[in-house]
Amino acid sequence: QRARSQKEAVQFFEPEIQAASYRALHIATALKRAVAKGELRLYYQPIVDPRTGDYEGVEALVRWQSAELGWVSPLDFIDIAENTGDIVAIGHHILREACNQVRRWQLQGRDIRVSVNVSPVQFGAPDFVASVAHCLQEAGLEADRLKLEITERLLLSSSETVRHKCEQLAKMGIRLAMDDFGTGYSSLSYLRDLPFDIVKIDQGFVRHMTRNSRDKALVRGIIDLAHQLGITVIAEGVEEHAQVELLTRFGCDLMQGYYFSKPVPADQLFSEKESSSCSD
Ligand code: C2E
Ligand code: MG
Ligand code: MG
Ligand code: MG
């Protein structure tokens with residue numbers, strides 16, 4: 001009886017659903033070896049102070065070039081790594097590499113912070129706080145150089161444990177940024193309950209803000225609200241000069257997007273900036 005209904009269920013699979021699940025399986029399998037094979041690399045995108053053009057920090061964004069699958073976007077493999085649990089090891093590897101890189105920049109006299117994206121599953125691991133402390137210590141990096149970007153999805157499981165971990169991290173001097181602000185279900189209660197220092201306005205609001213008056217009002221409102229709470233605001237996905245002007249007028253603290261730079265490998269980050277400022 002059971003075998004039969006399973007067989008029937010299988011027949012409902014459309015070819016494209018089947019292809020998608022084969023790909024997911026390929027990704028999951030190849031990902032198991034990606035860290036060991038050195039296939040995961042970090043790119044860095046500047047977070048810019050629009051008043052000075054200085055880089056306040058960088059966001060580390062993972063890139064995977066798989067021998068078998070070619071380039072795979074984090075949008076396609078982070079979810080899968082969360083389901084298999086491999087995100088815990090991958091996330092640790094990313095955090096470690098990002099801390100080491102910022103320390104190398106520091107030793108070259110570059111004063112910069114790094115933001116690292118943390119998956120809810122990684123955050124939920126019992127030893128997450130200890131593993132962050134370990135990465136900092138190993139790199140010889142001060143805690144206030146590190147920002148952790150957390151999406152509102154984390155907070156779906158908004159529990160005492162989540163709050164306790166956030167407080168421990170904050171007490172260590174690490175900054176907490178709420179990523180993709182405004183796209184979740186209860187952004188405001190998270191701002192009320194958890195010690196966030198930064199909100200990142202999702203690029204979905206920034207994209208049309210110069211043309212759409214509702215988006216414009218929302219962006220302005222988010223900036224004012226955050227400032228009332230003493231929270232720094234970063235606008236994501238800034239691509240046009242008109243967005244920079246409007247965001248500056250609204251008092252947005254920091255900006256990130258292709259207008260300033262795409263994410264680039266570590267060795268290109270400052271060379272691009274310095275060659276562009278030399279040429280003008
Ligand atoms: P996110 O953290 O919100 O990162 C911003 C994404 O927007 C990045 O995509 C970045 O390349 C892209 N972006 C930056 N500026 C612009 C712009 O001006 N226009 C447009 N259209 N896009 C822009 P990416 O690198 O593909 O990453 C996508 C998402 O994957 C990230 O969203 C983050 O949620 C996740 N992710 C990336 N790296 C990591 C990682 O190391 N760990 C974890 N857990 N998640 C990661
Ligand atoms: Mg992010
Ligand atoms: Mg974001
Ligand atoms: Mg995003």
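In the predicted model, an oxygen atom of ligand 1 lies 3.0 Å from an N or O atom in the side chain of Glu-59. Corresponding separations are 2.9 Å for the side chain of Asp-179 and 3.1 Å for that of Asp-180. A polar contact here is a pair of N or O atoms within 3.5 Å. Ligand 1 is surrounded by 22 residues, the closest being Arg-63, Asn-117, Asp-179, Glu-239 and Tyr-258; a residue is near a molecule if one of its heavy atoms lies within 4 Å of it. The model is predicted, with local features requiring pLDDT of at least 70 and side-chain atom pairs pLDDT 80 or more, whereas totals for chains, interfaces and linings use all residues. Residues are numbered from 1 along each chain as its sequence is written, chains are lettered from A and ligands numbered from 1 in the order in which they are written, and side-chain values use heavy atoms, with hydrogens and water left out.

The magnesium ion (ligand 2) is coordinated at 2.0 to 2.2 Å by Glu-59 (OE), Asn-117 (OD1), Glu-149 (OE) and Asp-179 (OD). Donors are N, O and S atoms within 2.8 Å of the metal (3.2 Å for Na, K and Ca); water is not among the atoms, so sites may look incomplete. The spacing of these donor residues in sequence is E-x57-N-x31-E-x29-D. Glu-149 belongs to strand E5 and Asp-179 to strand E6, so the pair ties together parts that are 30 residues apart in sequence. Strands (at least two residues) and helices (H or I, at least four) are DSSP runs, numbered from the N terminus. Glu-149 and Asp-179 are both buried, that is, under 20% relative accessible area, with exposed over 50% and partly exposed in between (1.4 Å probe, protein chains only).

Asp-179 also coordinates the magnesium ion (ligand 3), which is 4.2 Å from the magnesium ion (ligand 2). Asp-180, in strand E6, and Glu-236, in the loop between strand E8 (232-235) and helix H11 (241-249), are 56 residues apart. Asp-180 is partly exposed, at 25% relative accessible area, while Glu-236 is buried at 10%.

The lining of the largest pocket comprises 16 nonpolar, 15 polar and 15 charged residues. In this classification Ala, Val, Leu, Ile, Met, Phe, Trp, Tyr, Cys and Pro are nonpolar, Asp, Glu, Lys and Arg are charged, and the others, Gly among them, are polar.

Definitions and conventions
A polar contact is a pair of N or O atoms within 3.5 Å; within protein, one must be able to donate a hydrogen and the other to accept it, and residues adjacent in sequence count only if both atoms are side-chain atoms.
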